[in-house]
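Hi everyone, thanks for coming. I'd like to walk you through one structure today, a piece at a time. Have a look at it on the screen first.

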Amino acid sequence: MDNILIVDDNHAICQALALMIELHGYHAIFCHSPDAAIEIVTNKEICLVIQDMNFSRDTTSGEEGKQLFYALRQLQPNLPIILMTAWTQLETAVELVKAGAADYMGKPWDDAKLLNSISNLLSIYRLSQQNSQLTRIDSERMSVINGADLCGLIFGSGAMQRCVDLALQVARSDVSVMITGPNGAGKDKIADILQANSPLKDKPFIKVNIGALPMDLLEAELFGAEAGAFTGANKTRMGRFEAADGGTLFLDEIGNLPLSGQVKLLRVLQTGEFERLGSHQTRKVNVRVISATNADLADDIAHGRFREDLFYRLNVIELAIAPLNQRQDDILPLVKHFIGANFSLDKSTQQALINHSWSGNVRELENACKRAALLAKSPQLTIDDFGLMATANVGAAAQHALDVEHPLGQQDQSLDATQSICEPDKQQLEDALVQYNGVIARVAKSFGLSRQALYRRMEKYGLKAAK
């Protein structure tokens with residue numbers, strides 16, 4: 001319940017105000033002097049102050065009220081304060097309102113007006129407190145990121161921001177981490193960040209792409225093999241686990257590991273023990289395992305292709321990377337990084353790149369940028385340079401079909417419904433700005449965007465935050 005402090009040397013006024021306030025769901029605290037008010041605000045959680053301007057030493061000048069106001073403002077700069085007086089002092093009112101007073105009312109007061117002012121000011125105060133908290137959290141997060149090694153990762157979306165935040169948080173531990181997401185989304189880059197910011201950053205970091213190795217050589221690659229263990233094994237081979245001892249092993253495409261290899265991997269994760277192929281000597285290692293997959297391991301478990309106990313050993317923490325077309329705010333920063341400072345993009349090309357499906361994710365985007373830089377006829381790249389005309393033509397055909405199917409008014413409504421699936425439209429942004437009183441951090445959070453991404457959309461639609 002919100003605590004409202006009433007400061008007035010008239011006991012009857014304090015009681016009347018307290019009764020009215022408590023009847024409307026607030027908790028009233030009252031005192032009769034400036035010194036008592038300062039002590040209460042110092043020691044209690046006060047959300048709003050209603051203070052008189054004149055006290056016992058001077059009943060008309062308002063000087064005591066001014067001194068109390070400035071003292072409270074120094075204690076809590078954002079605390080809403082309603083000034084009340086039976087003596088009308090316009091110059092004083094103007095001065096204090098400019099200094100941050102929330103409202104100024106005469107006595108006797110209008111109950112409805114006062115209650116409306118209290119309700120509005122408390123709502124604004126709560127939002128201000130939440131905004132301060134979000135700002136502080138953002139500041140702490142940025143301080144962590146600024147001191148971290150991001151291994152060249154380029155991003156601008158809230159989704160990737162959250163993934164990086166979690167990666168940096170778990171990097172300091174030695175638990176197993178599984179990175180999930182589609183091919184080309186950047187799973188290996190997140191693995192690099194985990195290693196670079198861990199206590200093991202100076203220890204071995206061994207990478208194995210399980211999907212690129214022949215099945216009959218997988219176990220030998222992971223656990224090693226003695227000479228003569230299989231045809232072609234002419235000398236003893238050290239496995240990747242031995243090579244990573246004391247450090248980190250990154251197993252990419254873990255879903256491709258055969259069941260026989262899964263059994264041995266589970267044993268290593270549980271005990272640190274294994275044997276080379278063709279050997280009965282048990283070896284012991286201490287390795288942190290990071291794995292990655294684009295497979296649906298839950299489905300593989302259901303169909304007996306992947307061990308459930310191994311899954312839970314590997315997946316102590318999951319870092320999920322969304323497809324590039326679900327984190328559109330990463331696209332332009334990545335494009336600018338890939339094409340370099342010698343090239344630029346016009347607005348239509350930027351929008352076409354954002355709207356492209358990017359089924360190959362960051363890998364496809366990088367290849368398209370390399371193509372554009374190679375074939376460009378001028379420093380300003382066009383959509384033709386990126387080789388995306390086929391997609392653009394499909395989009396144009398779809399738009400033509402929409403024009404034919406819907407009249408003009410219905411067309412706009414259909415487009416809004418389609419756009420809202422991907423990102424907020426102008427009306428949604430306007431509604432959110434009103435709903436959250438222009439608090440950018442809260443509006444951005446409601447759409448899953450970073451604040452920078454929200455500002456770009458506001459600029460696009462000509463919107464400004466409320467001052």
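Predicted model: local features only at pLDDT ≥ 70, side-chain atom pairs only at ≥ 80, totals over all residues.

Let's begin with helix α10, residues 259–271. Its 13 residues, at 1.5 Å a residue, should span 18 Å, and the end C-alpha atoms are 18 Å apart, which agrees. The expected span here is 1.5 Å times one less than the number of residues in the helix.

Residues are numbered from 1 along each chain as its sequence is written, and side-chain values use heavy atoms, with hydrogens and water left out.

Back to α10. Which of its residues are buried? They are Gly261, Gln262, Leu265, Leu266, Val268 and Leu269. These residues cover an arc of only 165° around the axis, which puts them on the same side of α10. The arc is taken from the directions from the helix axis to the C-beta atoms. Buried means under 20% relative accessible area, exposed means over 50%, and partly exposed is in between, using a 1.4 Å probe and protein chains only. As a reminder, an α-helix has 3.6 residues a turn, so residues three or four places apart point the same way.

What covers that buried side? The cover includes α8 (215–223), α9 (240–243), β8 (248–252), β9 (273–275), β11 (288–293) and α12 (308–314).

Most residues other than glycine have a negative phi, and most peptide bonds are trans. Glu253 is not a glycine, yet its phi is positive, about 55°. You'll find Glu253 in the loop between β8 and α10, and it is buried, with a relative accessible area of 14%. Asn361 is not a glycine either, and has a positive phi of about 60°. Asn361 lies in helix α15, residues 361–375, and is buried at a relative accessible area of 2%.

Asp52 is in strand β3, residues 48–52. Is Asp52 buried or exposed? At 6% relative accessibility, it counts as buried. Leaving aside neighbours within four places in sequence, Asp52 is in contact (heavy atoms within 4.5 Å) with Val7, Asp8, Asp9, Gly65, Met84, Thr85 and Lys107.

Next, a pair of helices. The axes of α13 (residues 331–339) and α14 (residues 347–355) come within 10 Å and cross at roughly 115°. Axes are lines fitted to C-alpha atoms, for helices over the stretch in contact, and angles run from 0 to 180 degrees between N-to-C directions. Ile331, Leu332 and Val335 in α13 meet Gln350, Leu353 and Ile354 in α14.

Within α14, Thr349, Gln350, Leu353 and Ile354 are buried. Seen down the axis of α14, these buried residues fall within an arc of 135°, so they line one face of the helix. Their cover includes α13, β13 (344–345) and β14 (380–381). The face turned away from the buried side of α14 carries the exposed residues Lys347, Ser348 and Asn355.

Another pair is α18 (residues 426–435) and α20 (residues 451–461), which pack at an angle of about 115° with their axes 10 Å apart. Here Lys426, Leu429 and Leu433 in α18 meet Leu454, Arg457, Met458 and Tyr461 in α20.

Let me finish with the whole protein chain. How many helices and strands does it have? There are 20 helices and 14 strands. Of the 467 residues in the chain, 44% are buried. Among contacts with a separation of 6 or more, 68% come from residues 24 or more positions apart.

Notes: Helix = DSSP H or I, 4+ residues; strand = E, 2+ residues; numbered from the N terminus.
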